[in-house]
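Colleague: Hi! Could you walk me through this model? I'd like to ask a few quick things as we go.

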Amino acid sequence: MASLGSKQLLFFLYVSMFMVTFSVGIYNPLIPLYAKILGATYTDLGIIGMVFAFPYAVLPVFVGSLTDRFGRKPFYMGGVLFSAITTILFVFASRVEDIILIRVFNGIAYSFLWPVAEPIIADITPPHERTKVMGRFSFSWALGFLLSPFFGGVIVENFGFHPLFITAMILGLGASLIAFYGLIYKQNNKFKKKDVLKEKKFNVKNNGIANSFNSLFSVYLVIVVYSIVVGIIFSIFPVYANSFGVTSFQIGMLFTIFGITRVIVFLNSENVSKIFGEKNSIILALIIQITSLTLMASVRSLLSFMFSMALLGLTVGIISPITLSLASKIARKGKVGATLGSMESLFGLGMTVGPLIGGIVAENVSIETPYIVAGLLSFLPLTILVKEKIRKT
């Protein structure tokens, strides 16, 4: 069992991440529409999504390594504050090029959030509680993304984009205060040193990075493919849906539905893992992902989009906490930050490639093709996982 001090730290981590993602979530799904107003094409949207994700493909592994050496909390605090500050830059954007530059700063800020928060969790939770705690952490940030798109849609419909970004910045600054109080000020004044020393014993030994990579190769592939899908959904899908008459308010509603299913599964990730097993759960998630993308490409109506987004929420809710738990359990002692940072970098790689490919394909082939291509890609990790399962039986 984690110590009382650890539970208090987790509480403030959960609350601050909820505030961060609520701040980000009220504007993030609507950035493609904002860029469209400034004249963005589908290719431009792909580039915007790519540059947003590129820092996340490169930085997390280095950030994780730095936190292994110098501590995690100051890096997390810096990420929360930088995320809030970069939001206000959207108010001054007047060209598509401005959006591209701001998204680079957004990507840098996010590289100091999840890749730092997840190793903090791994440091202070025993392995048998890891999936449950990762699920609760995922619930905290997913709840912010769940509740915020609705409010973002309402603000844009009634007041416009500039009030939206100002509201997001204020919320982000509130998250910074919570993070500072709970993870730095309160820790320095109330938590005992012996609690921290005990917490660090929860890291799990293994036979090295090479064995870790081999045992998780299929899981790494899952992360890349499903992050490609997520990148397409957040960068291309809002304009895709809008071309079939879906309004900005309804787009906010679609992402809310996505968030509801994701949150529900996050809260039950431990039960899902126990019922199906970790890798069987990932297989199930990939099948659901393929079904969702097929429906999205073939039946283009608000009702079908609602169902597709609900299915994608299930996919993310299963894959995210289970893959993180798997990686943290086999991380070499003293390398938890680097290992989980590598996982987040792979996620960033998919988020970089997905929007770029999706935008180019939508521009030059058809607007449905990105979802067909993503569905076909999803068969690759699915096939490998099924073969692994057959080989072991």
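This is a predicted model: local features need pLDDT of at least 70, side-chain atom pairs count only at pLDDT 80 or more; totals for chains, interfaces and linings use all residues.

Colleague: Thanks! How many helices and strands does the chain have?
Modeller: There are 18 helices and 0 strands. Those are DSSP runs numbered from the N terminus: H or I for helices, with at least four residues, and E for strands, with at least two.

Colleague: And what percentage of the chain is buried?
Modeller: Buried residues make up 59% of the 393 residues. Buried means under 20% relative accessible area, exposed means over 50%, and partly exposed lies in between, with a 1.4 Å probe and protein chains only.

Colleague: Which residues have the most contacts inside the largest nonpolar core?
Modeller: Y76, F237 and Y371 do, in a core of 117 residues. Helix α11 supplies the largest share of this core, 12 residues. A nonpolar core here is a set of buried Ala, Val, Leu, Ile, Met, Phe, Trp, Tyr and Cys residues joined through side-chain atoms within 4.5 Å.

Colleague: What is Y371 in contact with?
Modeller: Leaving aside neighbours within four places in sequence, Y371 is in contact with I232, I233, I236, F237, Y240, L293, M296 and A297. Contact means heavy atoms within 4.5 Å.

Colleague: Let's stay with α11. At roughly what angle do α11 and α18 cross?
Modeller: Roughly 165°, with the axes of α11 (residues 217-235) and α18 (residues 369-392) coming within 10 Å. That makes α11 roughly antiparallel to α18. The axes are lines fitted to C-alpha atoms, for helices over the stretch in contact, and angles run from 0 to 180 degrees between N-to-C directions. Under 35 degrees counts as roughly parallel, over 145 as roughly antiparallel, 65 to 115 as roughly perpendicular and the rest as oblique.

Colleague: Is that crossing left-handed or right-handed?
Modeller: α11 passes α18 in a left-handed crossing. Left-handed means the near helix is turned anticlockwise from the far one by less than a right angle, and right-handed means clockwise.

Colleague: Which residues meet there?
Modeller: From α11, they include F217, L221, V225 and I232, and the α18 side includes Y371, L377, I384 and E388. By class, the contact of α11 with α18 has 16 nonpolar, 2 polar and 1 charged residues. Ala, Val, Leu, Ile, Met, Phe, Trp, Tyr, Cys and Pro count as nonpolar, Asp, Glu, Lys and Arg as charged, and the others, Gly among them, as polar.

Colleague: What about α11 and α15, how do they cross?
Modeller: Their axes come within 12 Å and cross at roughly 30°, with α15 covering residues 278-298. That makes α11 roughly parallel to α15. The crossing of α11 and α15 is left-handed.

Colleague: Is T67 buried or exposed?
Modeller: T67 is buried, with a relative accessible area of 2%, and is found in α3 (residues 42-70). Not counting residues up to four places away in sequence, T67 touches R72, F75, V116 and G337.

Colleague: And what does V61 touch?
Modeller: With residues up to four places away not counted, V61 touches A338, G341, S342 and S345. V61 is also in α3, and is partly exposed, with a relative accessible area of 24%.

Colleague: How many residues of α6 are buried?
Modeller: 11 of its 11 residues are buried, and α6 spans residues 114-124. Among them are W114, E118 and D123.

Colleague: Last one: where is G152 found?
Modeller: G152 is found in α7 (residues 130-158). G152 is buried, with a relative accessible area of 0%, and touches I26, L30 and L164, not counting residues up to four places away in sequence.

How values were computed
Residues are numbered from 1 along each chain as its sequence is written. Side-chain values use heavy atoms; hydrogens and water are left out.
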